[in-house]
Amino acid sequence: MPEQTRTTLPTNDEPTLVNSAAGLSEFPAPPPLSPGSRLDPWVEAYSDRAGQLSVSAIRALFAVASRPEVVSLAGGMPDLSVLPLDLVGQTLGRLVAQRGTSALQYGSGQGDPILREQIMQVMRPVQAVADPDRIVVTTGSQQALDLITRIFVNPGDVVVAEAPSYVGALGVFRSFQADVVHVPLDHDGLVPEELDRTLTRLRSEGRTVKFLYTVPNHHNPAGVTLSAERRPQVVDIARRHGILVVEDDPYGLLGFDGPPLPSLQSLDPAGVIFLGSFSKTFSPGVRVGWALAPHAIRDKLVLALESAILCPSAFGQMAVSAYLSNHDWKAQIEAFRTMYRQRRDTTLQALSELIPQATWTCPAGGFYVWLTLPEGLDARAMLPRAVTERVAYVPGEGFYADGQGQRHLRISYCFPTPDRIREGVRRLAGVVEAEQEMLDTFSPGCCSASDGPRSARTSPTGTGGR
Ligand SMILES: Cc1ncc(COP(=O)(O)O)c(C=O)c1O
């Protein structure tokens, strides 16, 4: 039994029992809750930054979507069932047995030098201009996003991002009180003319733009890829406006139609930070990603990382390193690609057959299809009906910083089997039909004025999957 100590605290009339075995006796207990008071007695103490933290749309859905009777088209989890888990287990066992004193120890802030060499090989298909010295290993690319924002963004600075954008990046930008300004996407990715126009406007308004955040390959959530023609245009525009580019590329190696296009980083190594991850091509559980940055930025990233976590997990890094050395990781990526291609095909086929009144993007890789509902429908309002019908998706609004996206939703085809995908789309079709019927019955034409122009302006036009 842990020892208990009687401590007198200033805010209490009565002494309070606190647990000294857990070392808690040094801290005052929170003030007691009086009837009717707020649930969190520390609510006034949080920083302004903490006020910006909110539950992501995806996490909020997680509890519902993970019920077995629900077909979840919501989460972006890779399907790890094609990994040779017994062989990976043997590799990890050997790692601990043979190199445990290093693998279970603290490591360097910048990351394991052997892994950084191997990351060079992994980046070869995207033609990144790299040397291991410019790579910082991070706890997933999510941490790289956090560190980059931490070292560049002051409250009120602008981050320019695609509309829609990866929800986890928007959460980071919000937590650092950045002002996200969106630039539209279409089927060929970010629209260069719109980027130029937006940066020109922001400059004329005297705004401080810190960087462009972009996911050029198999975009999350839009499922589109920045075309070869547009890549140099985007880089030129950013250079001309003196804006750094953050190129987030967790899906680049998961293309269905051949090797990836050259990265933006390959076109301007001094002006682009490239982010990579092993989460989608090996395992998100190891939490290993990386940033490839110009030297000076690399230095700042390492300092910020050390201040946040001292060093990335040595065990996670050495696990990835051992996996890359001992397994045919390229063949494994091919196995992932084959599986996801089949699921993409099933999704598009099912959408064409079952929800022809919607439009959607046609991904050439990655995990996601971006669906545009018929005019007047609202994906968030529709979600309770969808969950009742045992299908989950992510409503579009969470992928925008400014409340757009009502007519959109993201479908993830990465995790459910083809049979489940078909069933999920069948259920979704029923939900869309019922919502349309309700709309036609009760409020003909009521929503088109507010919703139409927003969607038309901001989404990929969505005809690719028809
Ligand atoms: C576009 C994008 N960037 C970053 C991440 C974060 O990945 P990681 O697991 O490497 O932190 C994700 C995860 O889904 C993502 O889709």
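Mentor: Helices (H or I, at least four residues) and strands (E, at least two) are DSSP runs, numbered from the N terminus. Residues are numbered from 1 along each chain as its sequence is written. Keep in mind that this is a predicted model: local features need pLDDT of at least 70, side-chain atom pairs count only at pLDDT 80 or more, and totals for chains, interfaces and linings use all residues.

Trainee: OK, what pLDDT does the chain average?

Mentor: The average is 88, and 86% of the residues score at least 70. pLDDT is the predictor's confidence in each residue, from 0 to 100. Over residues 1-27 the value is below 50, and that stretch has 29 contacts in the model beyond near neighbours in sequence. Two residues are in contact if their C-beta atoms, placed from the backbone, lie within 7 Å.

Trainee: And which residues does pLDDT stay under 50 for, with 43 contacts?

Mentor: Residues 446-466; those 43 contacts are beyond four places in sequence. Where pLDDT is low, the predicted coordinates should not be read in detail.

Trainee: Switching to the loops: where is P221?

Mentor: P221 is in the loop between β8 (209-214) and α8 (230-240). A cis peptide bond joins N220 to P221, with omega about 15°. There is also a cis bond between A163 and P164, where omega is about 5°. P164 sits in the loop between β5 (158-163) and α6 (167-175).

Trainee: What about phi of Q177?

Mentor: Phi of Q177 is near 60°, a positive value in a residue other than glycine. Q177 belongs to the loop between α6 and β6 (179-186).

Trainee: Now the ligand. Which residues come nearest?

Mentor: Out of 14 residues around the ligand, G140, S141, Q142, S277 and S279 come nearest. A residue counts as near a molecule or strand if its C-beta atom, placed from the backbone, lies within 6 Å of it. Helix α5 (residues 140-152) gives the largest share of the shell, three residues.

Trainee: How many of the shell residues are nonpolar, polar and charged?

Mentor: Four are nonpolar, nine polar and one charged. The classes: Ala, Val, Leu, Ile, Met, Phe, Trp, Tyr, Cys and Pro are nonpolar, Asp, Glu, Lys and Arg are charged, and the others, Gly among them, are polar.

Trainee: At what angle do α5 and α6 pack?

Mentor: About 30°, with their axes 9 Å apart. That makes α5 roughly parallel to α6. Axes here are lines fitted to C-alpha atoms, for helices over the stretch in contact, and angles run from 0 to 180 degrees between N-to-C directions. Under 35 degrees counts as roughly parallel, over 145 as roughly antiparallel, 65 to 115 as roughly perpendicular and the rest as oblique.

Trainee: Which residues of α5 and α6 make the contact?

Mentor: Q142, L145, D146 and T149 of α5 meet G168, A169, V172 and F173 of α6.

Trainee: And α4 with α11, what's the angle there?

Mentor: Helix α4 (residues 113-122) and helix α11 (residues 314-326) pack at about 50°, axes 9 Å apart. They are therefore oblique to each other. I114, L115 and Q118 of α4 touch Q317, V320, S321 and L324 of α11. By class, that contact has four nonpolar, three polar and no charged residues.

Trainee: How far apart are the axes of α3 and α11?

Mentor: For helix α3 (residues 85-103) and α11 the axes are 10 Å apart, at an angle of about 130°.
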